[in-house]
Amino acid sequence: MTENSTGAGHTTTYTVSGMSCGHCAQAVRDEVGALTGVTEIAVDVESGAVTVSSEQPLPEESVRVAVADAGYELTGTAAA
């Protein structure tokens, strides 16, 4: 799992399956970005990495539901 917690916030990289294009990335950005406290999202469609920065750590289940709402599957967190 890749996590970084500093005074400026918290960053976690999740692995998401099923994304294949820019539209996929935008759908995930829109849903995860709507979660309270999210400040930044970076999506790498090729690797399936979704890096989320937030004010506080996010419950993984909340991120999982947001990814599912976008039509994809959160398969875990990326290895450090």
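Guide: The protein has two helices and five strands (DSSP runs, H or I of at least four residues for helices and E of at least two for strands, numbered from the N terminus). This is a predicted model, in which local features need pLDDT of at least 70, side-chain atom pairs count only at pLDDT 80 or more, and totals for chains, interfaces and linings use all residues. Residues are numbered from 1 along each chain as its sequence is written, and side-chain values use heavy atoms, with hydrogens and water left out.

Visitor: Which residues of helix H2 are buried?

Guide: Buried means under 20% relative accessible area, exposed over 50%, and partly exposed in between (1.4 Å probe, protein chains only). In H2, residues 60–69, the buried residues are Val 63, Ala 66 and Val 67. Viewed down the helix axis they fall within an arc of 100°, so they line one face of H2; the arc is taken from the directions from the axis to the C-beta atoms.

Visitor: How many salt bridges does the whole structure hold?

Guide: A salt bridge requires a side-chain nitrogen of Lys or Arg within 4 Å of a carboxyl oxygen of Asp or Glu. The search finds two. Arg 64 pairs with Glu 60, with the closest N and O atoms 2.8 Å apart, and also with Glu 61 at 3.7 Å, N to O.

Visitor: Why can residues three or four places apart point the same way?

Guide: An α-helix has 3.6 residues a turn, so such residues point the same way. Here, Arg 64 and Glu 60 are four residues apart in H2, about one helical turn.
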